[in-house]
Amino acid sequence: MRTIILTIAATLLSGSAVSAEPKTESKNLGRLYLSNPAAVTPPQCYTKTENKSAPASNPCYVCHTDSRAPNFTNDLDLQLLYDFAEPARTNRWHNLFKDRSDYLAAVSDEQILDYVRESNYRTRDGSVPLREKLTENLPAHWDGNDNGRWDGYVPDVGFNFDTSGFDRDADGHFTGWRALAYTPFPGTFFPTNGSTDDVLIRLPEIYRNNEQGEFDLEVYRINLALVEALIKREDVLIEPVDEKRLKVDLDKNGELATATRITYDWAPLEKRFMSYVGEARQAQQREEAPLSAGAYPRGTEFLHSVRYLDVDANGEVAMAPRMKELRYARKVRWVNYFQHRELAADELKDAHDFPDRLEPVIGDIERGVSNRRGWRYSGFIEDQHGALRPQSYEELATCSGCHGAIGANVDGGFAMTRKLGADNSFQRGWYHWSQKSLAGTPEPVRADGEGEYAYYLKQVGNADEYRSNEEVRSRFFGEDGRLKTAMLDKLAQDINVLIMPSSRRALDLNKAYRAVVEEQSYREGRDAVLTPRENLLREVAEGQETGVKQALSYF
């Protein structure tokens, strides 16, 4: 399938005109002249994969792969070819070529630690400055549509998690958010490459309520487990539950009794169905709450904080209080299998008929940008002084690339398919990293039985797309370029030996990112870069091959 590279629409939903010519940003963050017409194409796509005296590196397979329905974007061929539309053939992610050594030397370790240990989400008295600013004192340059109010997501998470991962506000009330533990997506999302992060999910109220319309924690647990089963397409263990009360045969054993698992068995053409419980069951029967494999319910929300790296007194690296970003996603529209297939076919035809035309990304800074598949993505990022502010339209455009037309995502996302299982995980895999670190987490295993991270190291030759992580290179590879068996054995038991950086590297990564914050140059790349990227193309020729000889599958 030909690459579907998106760019910014000529008109925002608010009606603001946008130019693709490099100009300065206007005062209003909702009206932005684009400096990068292909802002949705991530810098990783410009990776120089060819090696002088070895087979080509292939980090591309983790994104561009044979998809799983209802994602019909099978883009395996992008592992073999830089199939860029003409405006995207110039790499405008200039921050990845900058030398930050002078900045790193000028900032002390104490200064950067003090900075990352200060929360920019909540103050010491418990208030949330960003929320107050959005609801009580909205700056004019944040008001993208000039209607005097903020029409986007207002942060409402307390980051106070109970023993089941459910979040509570300052008064102890459930917010609906629940933290899920997962193994990091291979490559950039490894903390050793710059950041820690977390993921929270929230389903709409009808999935939290019983059939009387009252909040019911057991109902909510079961519906979340059903979502997990549908996204993973596998059985999910649950705490014992009375099926008679819920009126659903959850374990599919033919009777209403006590269930200890959600049995995945969805094949509507063979008259095999699954059902939500509580108020959502009633809505499903009225065809108001559709259910299908590989799809989240309409109204599902995700919250994703990207954070700095903290280093404790023992030199251990962990998640820092300070956020780099607070990302938000909401499923605003249900898209069925037929519609997904039709969209993929339309995109393929457009790429064939108009190979150098960039498709629009529709949205604005308040409601976010669309991935054309039912989801909207928005978020907040640090301003020059470290406080959280709304991301500009161009900054948000990057979301539509990874969450849009690529083969690896499942209904626009990645986290739930990577969630730790309920069989042998702390709190059944429902917890926040502040409750338990990643230490001791076994390596995930691919469908072919091979360790997923070991497979990535083998195909890429490092722990990042650019092959720039010298710490991992020296730790896992010998001088002859071969992987060290002893380290792979350790990795199988504990992913921390790969994904977590040394304290020295963590501090330097924090400093490198802080330089981007002070510049407010996110439009030129927001990676933490210690030295200029060597394995990164500045220009891509039409029809240029990657040098990869055989396409691989992420799944």
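**Briefing: chain fold and helix 2**

Of the contacts in the chain (heavy atoms within 4.5 Å) with a separation of 6 or more, 70% join residues 24 or more positions apart. This is a predicted model, in which local features need pLDDT of at least 70, side-chain atom pairs count only at pLDDT 80 or more, and totals for chains, interfaces and linings use all residues. Residues are numbered from 1 along each chain as its sequence is written, and side-chain values use heavy atoms, leaving out hydrogens and water.

**Confidence**
- Mean pLDDT (the predictor's confidence in each residue, from 0 to 100) is 92 for the chain, and 94% of its residues reach 70 or more.
- The pLDDT is below 50 over residues 1-32, a stretch with 111 contacts in the model beyond near neighbours in sequence.

**Overall fold**
- The C-alpha atoms fill a box of roughly 65 × 60 × 60 Å along the principal axes.
- Buried residues (under 20% relative accessible area, 1.4 Å probe, protein chains only) make up 57% of the 555 residues.

**Helix 2**
- In helix 2 (residues 109-116), the buried residues are Ile112, Leu113, Tyr115 and Val116.
- These residues lie on the same side of helix 2 because they cover an arc of only 160 degrees around the axis, taken from the directions from the helix axis to the C-beta atoms.
- Glu110 and Asp114 are exposed (over 50%) on the face turned away from the buried side of helix 2.
- The cover over the buried residues of helix 2 includes strand 7 (301-311), strand 8 (317-331), strand 12 (375-382) and helix 13 (503-519).

Technical notes: Helices (H or I, at least four residues) and strands (E, at least two) are DSSP runs, numbered from the N terminus.
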